[in-house]
Amino acid sequence: MDQTPIINFCKDLGCCYACCLRYLGLKNPKVFENCRKYVLEILENGQPKKNDRDSAEKSEIMKKDENAEEPVNKKMKMNDTCVSCMGLLQEESWPNYFQALDVTRKGYETDTFACGLSAPMTTLLREKAVILRLCNQFTEYDATILTPLKEAWKWTFGVQMAKVIGKSLDSGAVSPLLITLNMEYPDDLQELEILKTLSPSLFELRSKQKKRFTVEFTRRSVEEALTDLSLEALQGVDGWKDGLPAVEKHVKCVSVVSVHTPMYLGGRYIKLSRELPQTPWMVNGVRMMDSSVQEIIFDPIARMNLIEPADVEHRLKFMSAGREDVDVRCLGQGRPFAVEITDPRKQLSPEELKTICKEISKTGKVIVKDLIYVTKVDLTELKKGEETKCKTYEALCIKLSHSEYDHIVNPDSKPKVTENDIERINSYSNTSPSDEARIVLKQKTPVRVLHRRPLLTRQRRIYELIAKELPDHPQLFTLVIKTEAGTYIKEWVHGDLGRTRPHLGEAIKAKVDILALDVASVHLQWPLVNNKN
Amino acid sequence: MAFNILDSIPDIDNFKSYTDRYFSKRYILDVDGVKNNDIMIMFHSNRIALLSLAPSHYFFKKNDDYTINFTIGNIDRLSNTVKGKGKKGGQYLTPKSVICKIEYCDGTSYAVPSCMKGTLVEINEELVNNPALLKKLPDSDGFIAIILASIAVSEATKSELLAHDEYLKKLNSQNSDGKKD
Ligand SMILES: [Zn+2]
């Protein structure tokens, strides 16, 4: 349909140039970079207008067009605040908004940004009022073509904002940095009051359920109230009969919220201490140990990212492929982990990452050899690994009673690990030879965690079990065990009051116990090798 | 850098058993006024409690064959089930609740009360087929039941009952009293 009458209609209502283009449904960002010029071009090539005021303006513009680069005349007639966007899309309002931009404070290094807007809710009401009038005036007008305020905001304000903050504007899907301006109109709620008369049932319900709705007007409740609004009903309200009420006060930018999408560091940690929990160990709000793997790793990462100690707790998040007990070391290549950095300001250089690793390792309790940036998608691998991976452990065990297989001369003599014991353990199996598992266990939830976990019996598989004598320690032996994730190794060795069956003692018909346990290997490829970073 | 599990060999001469590492033992003597009807409750540091018989219980002096019966009136302790972290649905126990009866061929029997308030979490089912465990390993694989109480109840019970050294003292004085008779 012809664009000219729509533009004229919108202008007569008091819309700005940008809003005229929005109601035309234009979606080309370039067009919005010079709204005024584009609107006037349409008017130029379309039907001449009857209104004297407009023709005067038109001739003024024609003159201007001769040197199009010249800045827009600030004293043009249409500098009254737009009744639809309430000035948000009008250059005259922007200097105040630019002043509110203080994003350099957080020191983001990224070159791009996406531009967000939280507009006063009454812009929804005003938009609806314009649409109702357009539909009434032009029967063929399609209300769905309206270009959203947020889009026009990006294409108009956003482009200028880019120059002010020295970053290039990009879409929210591409740029990791989102800068949102929160706008408030002082009379927002008063203006929305009319919805209570227009849609009484909705708001009566909401006020009755005050517990559920602490705020009467939300974006959603306003949208809901506007859905079935008719022009007749709206025109019955004071101030809305012949058009839209003028915008009496300035819309103010009350805050600017900038947030960078999280970044993730991936690595593997080696834990050398038997007095170090993986994460802070709290019992009834009291710390049980001074430190933790998490805190040791967080410390230099926070410093490099300029995160204040008080903010570490909510800015950094620790994730890992499982965990080990406080008194269990994690050796070999270490355990896969990742750290999520919320609202990061910069990407660390490979040198900085090396420094972080050095600082961690300096503690002598935890070693991290490499750290690299990983993607959010990679993290699923880490989580998946938690269930599917298998682990190899090394355990130091003690034989506490004579084996029923042994012929003992003196029952009071100290039990000794015999060659037979070693052979029996190394050949022990309760599965068929074709089974990839050598031993299948049934473990009840260990007594040591039963107070906080459900009582269940879990079936777990042992793939490898190799015992070795220790010539210098006749009562001791070592054990290398490769098991399915979730196997409780300590309980497999001592039996947990007979609640893990079979247990190691059954292989040699003697009482055995565990003295120390190390994780030797977590069989999971991490961080993924194909990572671009 | 190589780390070896042999870095971690503890002092074996002072090695504590599984039970002594994690549990502290409490005793109650002459339960229900029956002489040497002595019960032992072992409290894990996480407040899980194991019910068993104290070494001074007359059960350990009698050598006749016995069975352990977990049906108490119309309550079947073996059908106890618990759900979730909160152990919902577990049988509620008062100190007087009988957990099992030890029955001899000659028709005599005696009841083992729980001696504490709490939720029955688990019965040692192994005792049904292998009742000898109770005699052989009363403070480990021969435990009778696992009971979970609130922190408050668990702490109160712990302080009410006799600690290990008090128990030994009391036994000694009982023995010397016996000699005087
Ligand atoms: Zn506008």
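Which side chain meets that of Arg22(A) in a salt bridge? The partner is Glu127(A), with N and O 3.3 Å apart; a salt bridge here is a side-chain nitrogen of Lys or Arg within 4 Å of a carboxyl oxygen of Asp or Glu. The pair links distant parts of the chain, 105 residues apart: Arg22(A) lies in helix α2 (residues 17-24) of chain A and Glu127(A) in helix α7 (residues 122-137) of chain A. Helices (H or I, at least four residues) and strands (E, at least two) are DSSP runs, numbered from the N terminus. Over all chains, the count comes to 36 salt bridges.

The model is predicted, so that local features need pLDDT of at least 70 and side-chain atom pairs count only at pLDDT 80 or more, while totals for chains, interfaces and linings use all residues. Residues are numbered from 1 along each chain as its sequence is written, chains are lettered from A and ligands numbered from 1 in the order in which they are written, and side-chain values use heavy atoms, with hydrogens and water left out.

**The zinc site**

The zinc ion has as protein donors the SG atoms of Cys16(A), Cys19(A), Cys82(A) and Cys85(A), at 2.2 to 2.3 Å. Donors are N, O and S atoms within 2.8 Å of the metal (3.2 Å for Na, K and Ca); water is not among the atoms, so sites may look incomplete. Along the chain these donors follow the spacing C-x2-C-x62-C-x2-C. The site is tetrahedral, with angles of 104 to 113 degrees among its 4 donor atoms; four donors count as tetrahedral if all angles lie between 85 and 135 degrees.

**The interface of chain B and chain A**

Contact, meaning heavy atoms within 4.5 Å, involves 31 residues from chain B and 38 residues from chain A. The two chains bury about 2900 Å² between them, 65% of it on carbon and sulfur atoms. Buried area is the accessible area (1.4 Å probe) that two parts lose on being put together, summed over both. In chain B, Phe3(B), Ile5(B) and Tyr18(B) lose the most area to chain A, together 23% of what that side buries.

Across this interface there are 6 salt bridges. One salt bridge joins Arg329(A) and Asp7(B), with the closest N and O atoms 3.1 Å apart. On the side of chain B that touches chain A, the elements giving two or more residues are α1 (18-22), β3 (48-53) and β10 (118-123) of chain B.

**Backbone features**

| Bond | Omega |
|---|---|
| Arg501(A) to Pro502(A) | about -10 degrees |
| Trp526(A) to Pro527(A) | about -10 degrees |

Pro502(A) lies in the loop between β15 (500-501) and α20 (504-508) of chain A, and Pro527(A) in the segment after β16 (512-523) of chain A. In chain B, Asp32(B) has a positive phi, near 60 degrees, in a residue other than glycine. Asp32(B) is found in the loop between β1 (23-28) and β2 (39-44) of chain B.

Terms used. Four donors count as tetrahedral if all angles lie between 85 and 135 degrees; four count as square planar and six as octahedral if opposite donors are over 155 degrees apart and all others between 65 and 115; anything else is irregular.
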